Amino acid sequence: MDYDGRYEGSGDSYSVALRIDVGGSGVISADIFRGTDYLTSVRTRWGLRCDSAIGRWAAEFSASVATTGSGLVAGTMTIAPNGEPSAGLIVTVRPDMDLPGLPAGQDAVVTVEWRGAEVRELGLEVETEEDVVAPGPTAFAGTDINERECLRRAGFAVRAVGAPGRIPRQAEPWDFSRMFTLLHDTMTARAQSDLSAAAWQLHLLLLSDSTLEGLQGIMFDGAGVLPRQGAAVFLDEIRAYAAAHHHNPDRNAIRTVVHELGHALNLAHRWEPQVGHLESTSFMNYPWKFVPGGTDAYWTEFKFTFDADELEFLRHGPLGAVRPGDAPFHSVAYWSGNGWLPPA
């Protein structure tokens, strides 16, 4: 039976958000709460690929580096059917060391029910500058693709946050010398949802152009108290670039939107020296950085997807590492081994 998807449930002591991804990353993971208080995240041991959703596995729990020295605690995770398939699953987790609210050597047992095919949920609020045309879907492999479909394929059930909003047209291009302040203030002023706490929601600004030639998009709040809540894309600049280089403007725009939202979900550039994947055709590479062949070769190979390590991180990274408003940008080196460890 195919159990892949998102499950949720609560017991007397704990609640669990379970992610089963046997057909994708081969990973099973969960976030553990006591009431609404987040305790820890757990996943099947790094390097282990599950071929079934039902069983007992060695597992790793996220923990304080100051407490453990590594940021990980070993343990086990067990998934069992709760009778008939429609009755859900029984999740049992047991850490080998004490974690806050989760004692060592004791089973935490919760029954969960299926909530959807995608393993995580993500709200997306979109505000568009007046007279700016949002990207339309573009054809790929016999279907129409847009930014929401790209995120769905990455494992997110995307829902709209608020109604589509309009930003007054700027008399001049957005001033790059004040860009981060301008965009943060614009997001704050226009937001239709709460920005005062970390949450599974992102705020996308679709704008005209900036004073920095060539700037197509930016994640403007990578640090601070509540980082990675917003991103902006400059669609007039993208369309001008696409016309000059005979590229598909909507394809360029969708790639840029997903690229910036990827940053807001804590994904780094593939071309960065510490990442070292210039050959990548992920959303997170730059077309002109692609090796071998550069821009034209990148677009020939482009498949509207992320790389495998990025997908595993997005779907199964610890709650705070991925969720907007939590850990600062570039705080998890998922590209260099265990994606639950901080950068060396």
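A residue counts as buried under 20% relative accessible area and as exposed over 50%, with partly exposed in between. At 22% relative accessibility, Asp250 therefore falls in the partly exposed class. The structure described here is a predicted model.

**Nonpolar cores**

- In soluble globular proteins, nonpolar side chains tend to be buried together.
- The largest nonpolar core of this model holds 47 residues. The members that touch the most other members are Phe156, Leu204, Leu261, Leu265, Phe283, Phe306 and Leu314.
- Helix H5, spanning residues 249-264, supplies the largest share of this core, with 6 residues.
- Leaving aside residues up to four places away in sequence, Leu204 is in contact with Leu124, Glu125, Val126, Glu127, Ala231, Val233, Val257 and Leu261. Of these contacts, Leu261 is also among the core members that touch the most others.

**A nonpolar patch on the surface**

- Three residues, Phe176, Phe180 and Leu212, make up a nonpolar patch on the surface. Together they have about 250 Å² of accessible area.
- Phe176 is located in the loop between strand S13 (165-167) and helix H3 (179-190).
- The relative accessible area of Phe176 is 31%, so this residue is classed as partly exposed.

**Salt bridges**

- Side chains of opposite charge can pair when their charged atoms come close.
- The model contains 23 salt bridges.
- One of them joins Arg169 to Asp236, with the closest N and O atoms 3.3 Å apart. Because Arg169 lies in the loop between S13 and H3 while Asp236 belongs to helix H4 (residues 235-244), the pair ties together parts that are 67 residues apart in sequence.
- Both partners are partly exposed: Arg169 has a relative accessible area of 34%, and Asp236 has a relative accessibility of 27%.
- Another salt bridge pairs Arg239 with Asp250, and here the closest N and O atoms are 3.6 Å apart. Arg239 is in helix H4 and Asp250 in helix H5, and the two residues are 11 residues apart.
- Arg239 counts as partly exposed at 24% relative accessibility, and Asp250 does so at 22%.
- Glu301 and Lys303 also form a salt bridge, with their closest N and O atoms 4.0 Å apart. Glu301 is partly exposed at 39% relative accessibility, as is Lys303, with a relative accessible area of 40%.
- A network of salt bridges links Glu118, Glu149, Arg152 and Arg153.

- With a relative accessibility of 32%, Pro249 is partly exposed.
- Apart from residues up to four places away in sequence, Pro249 touches Ile238, Arg239 and Ala242. Arg239 is also the salt-bridge partner of Asp250.
- Pro249 and Asn146 are 103 residues apart along the chain, and their C-alpha atoms are separated by 13 Å.

Note on methods:
Residues are numbered from 1 along each chain as its sequence is written. This is a predicted model: local features need pLDDT of at least 70, side-chain atom pairs count only at pLDDT 80 or more; totals for chains, interfaces and linings use all residues. Side-chain values use heavy atoms; hydrogens and water are left out. A nonpolar core is a set of buried Ala, Val, Leu, Ile, Met, Phe, Trp, Tyr and Cys residues joined through side-chain atoms within 4.5 Å. Buried means under 20% relative accessible area, exposed over 50%, partly exposed in between (1.4 Å probe, protein chains only). Helices (H or I, at least four residues) and strands (E, at least two) are DSSP runs, numbered from the N terminus. Contact means heavy atoms within 4.5 Å. Patches are made of residues with over 30% relative accessible area and no salt bridge: like charges are joined within 9 Å, nonpolar side chains (Val, Leu, Ile, Met, Phe, Trp, Tyr) within 5 Å. Accessible areas come from the Shrake-Rupley method with a 1.4 Å probe; for residues, only the protein chains shown count as cover. A salt bridge is a side-chain nitrogen of Lys or Arg within 4 Å of a carboxyl oxygen of Asp or Glu.
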